[in-house]
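The stops below go from a single residue pair out to whole chains.

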Amino acid sequence: MELIFEKSRPGRIGVVFPEKDVPVTCVLETKYKRNATAELPSVSEPEVVRHFTKLSKMNFGVDSNFYPLGSCTMKYNPKFTEKIAQIEDFTALHPLSPQLVRGSMLTQGALEIISNLEGALCEITGMDAFTTQPMAGAHGELAGVMLIAAYHKQKGNNKKCILIPDSGHGTNPASAAIAGYIVKSIPSDAKGVMDLNKFKHALNDDVAGVMLTCPNTLGIFNPHIKEITDLTHSSGGLMYYDGANLNAILGKVRPGDLGFDVVHINLHKTFATPHGGGGPGAGPVGVKKELIPFLPVPRVIKRNDGTFALDFEEELSIGYISPFYGNFGVMLKAYAYILVLGKQGLIDVSENAVLNANYLKYYLSKYYDVPYGENCLHEFVLSGEKQAKKGVHAIDIAKALIDKGIHPPTVYFPLIVKEAMMIEPTETESKETLDEFISVMAEISRLAEETPEIFKTFPKTTPVGRLDEVKAARDMNISG
Amino acid sequence: MNYIPQSDADRKEMLKAIGISSGDINELFKGIPESLKASSFDLPAGKSEFEVEKYIKQLAKKNASELITFVGGGFYDHYIPAAIDSIVSRSEFYTAYTPYQPEASQGTLQAIYEYQSAICRLTGMEASNASLYDGGTALYEAAMMAIRVTGRNKIIMDGGVNPIYRKMLYSYTTNLSIEFIETPVTHGQSNRGEIEKYLDDKTAAVILQNPNFFGAIDDHTDIVDVCHKFGALVVESVYPISLGVLKSPGEMGIDIATGEGQSLGIPLSFGGPYLGFMAVKKKFVRKMPGRIVGITHDDELRRGFVLTLQTREQHIRREKATSNICSNEALCALRALIYMCLIGKDGLKKVAQLCMDKCEYAKQKLETIKGVEVKRSSPTFNEFIIRLPKNPNEIIGKLIEKKIAAGFPLGRYYKEMDCYMLVAVTEKRTKQEIALFAEALEDALWN
């Protein structure tokens, strides 16, 4: 399809401006002015709308396709919460308003929502306080590691390293490293959880913290988790909970009860805000009491008279990690979602997410290897090793699924499983969709057995076939 | 059940099928030791959508969003064409994930490629990423990138850079050994003498902003030339709408341009979601953080788009990645792209000129008021500072009673500027609104 720039024709425009109503014209000295015009396309509104509508039709999305992308929690995004986020009394609100004199009184509604959301997230996770500032999951991880660093600094501790299991999300080691820590990777054991002995061996005085996902990326709940948090605490370290997989445990387990000190949550996963093709998300961070003084500023506080205000006191705080209060528009959707579902609704989310995952695992294990099969919660990982022996790899299975109108699982992750296919159906898929997926996967397994060579021709039904990624990296044509 | 298709009968049938004959769903959680089960889950019962909507609308009414605003400070009340909301409401865009599977994501991928192209054209730079969180984190990422590129660890930062962004930069780097030097700005352009005083062969980057926080515009070409002699990079944070008229970072020879993309069709929304953009010289692209989309083709030589240069990223490189960023602000980048398409090259010039003209008109109106001094030491784009004969906080409070948000009190971030207020004027402010503002200000000062 043509690029929008290729549709540009001189003189066309997609916006109508009001006539200039002021009697002055500002003229700048030449040295301040741009020489070459910014060559944005000249196109009319109908052309722009048609162009992007056509592009949208070249995408898979949750509304149109089953999207069992593991660890990404691609659940249905309720239309109601989209409507809530468009209320003009929120969208038109300037973020600096509360910094004007008596300005917090101009934004009482927004501050109350942030405060209420923080409260709900505390109860859901068993933490003592939350900040909504982080703008994505990885941003929450960075903020969380900064909190751990601030805590140790104040205690006078000089701890240099963070332990992370080898099944952890790539963002964990990346976040710890950019915050200034040395990362040590701990191998998994035969059951797929962090090897307890190897962990004990690695745990020493130099360990500032341990970052864990629980259930982990294999969907397995670590039965030794309390022992791990206790051991870490007794050696002076803190526990970080990567909340990417929180959809598995709502109302069942709380990271705070397990002994975690810092938690981040992905509102765009568990709390049903849309992923937007890669954001915006929101990654609020919760902490236990001893870490509250280090939370980023400003903090939303409730005054004795019931009104809300912002506290800019920076004394022990890690400071500013966002310009304001985080992705407020995303928070609105998550808050509305929590209110609609309520206590039982949230419990239902996890129960049904776990049921759907176990249902799929049960039937798919007839056709594919399940290397870590016990007690999966919201997701599980298949290995395509059996199929790979025939020359059909995880990526080939992924492309075959695309031709069936199903978005592929996360492939080649976690790194500890060969030919990994990580499947997370979520609670919003019907039994019929799951049954269809099972029959498609069975058919793919049969094809892999009988005619493995045809997989190289998949996908056939998409606007383009398999793309040459090596060429893209070599040519580096990244703007036109 | 809310948004869950399965009925009780479905659940029973599914449980039975997988060998849980009791039909008790709790059996699925038996891997979790009893002693670790949630000690509390005290949340209110769920409510219907219309009850929740009513409640949230009541909260919304507690906000004063109907003010005529002259507050900017890096975040502006520009017009947002309706077609943007309409297009981004297509669920094929907003319910998709990061485009890891290119054949099923050509819509998102082509849009990102077009976004990268539009950002390059706007900034006059060679290579853009797919987006970062916001203007502040983009500036932080730019500083870290300059440190990677040069292998040096000293940063000189202009005092005219948004004070919130400066605070963010210090927060993020507090545990890293980076030396920061901040050069003072009175309230005009970048202080050349001060920058050159500290510039040496240990300097990784000089960080500038144009227009700066006080609205002053500058031509940083001379600073770039001096920095390059020392092997230091120059980072400039820019205001995209101003680039309709102002010299672009590319034309000044800037190495890394960043900025807040909110003004490109994204609502103010009490601070987010916004859009951080970053555009660089092509030779630095492998050190750039964030996702990047490139052009390639399939077996039949059909043009297609993929995520490229992924070996920089956390999902491949883990602790050795250029950044930890994963989710970015894709849908906001799409908004910005649609805005740039609708407004086009002629419209961008027009909106920028309208901003400048209305700003100049506001200056002329305000400086006729007794005791009000409009600072004219440097040219400005659409924001400027005024000195008031009375405490700005008090005056701002009085004007809010008249439904006018007069500006931002600079004393909040600059101790020595207690009497100053920052005033922004966008194309949305009318002659009549500006007159109303002037009248109300005069009234608040002298009546």
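Select B:Pro409 first: B:Met421 of strand S15 of chain B stands opposite. This is a predicted model, in which local features need pLDDT of at least 70, side-chain atom pairs count only at pLDDT 80 or more, and totals for chains, interfaces and linings use all residues. Residues are numbered from 1 along each chain as its sequence is written, while chains are lettered from A and ligands numbered from 1 in the order in which they are written.

Now show strands S14 and S15 (residues 420–424) of chain B. They pair in the antiparallel sense over two bridges. Pairing takes at least two DSSP bridges between strands. Strands (E, at least two residues) and helices (H or I, at least four) are DSSP runs, numbered from the N terminus.

Widen to the open sheet of chain B. Its four strands run in the order S11-S12-S15-S14, with antiparallel pairing. S11 (373–374) and S14 (408–409) of chain B are the edges, each pairing on one side only.

H12 lies across S11, S12 (383–387) and S15 of chain B, at about 10° to S12. Angles run from 0 to 180 degrees between N-to-C directions, with axes fitted to C-alpha atoms, for helices over the stretch in contact. Contact means C-beta atoms, placed from the backbone, within 7 Å.

Next, colour by chain. 173 residues of chain A are in contact with 164 residues of chain B. Helix H10 (residues 328–364) of chain A gives the largest share of chain A's side, 20 residues.

Finish on chain A, with domain 1 (81–339) and domain 2 (346–470). These bounds come from an automatic or database domain assignment. The C-alpha centres of the two domains of chain A lie 31 Å apart. Their contact takes 18 residues from domain 1 and 21 residues from domain 2 of chain A.

Technical notes:
Two residues are in contact if their C-beta atoms, placed from the backbone, lie within 7 Å.
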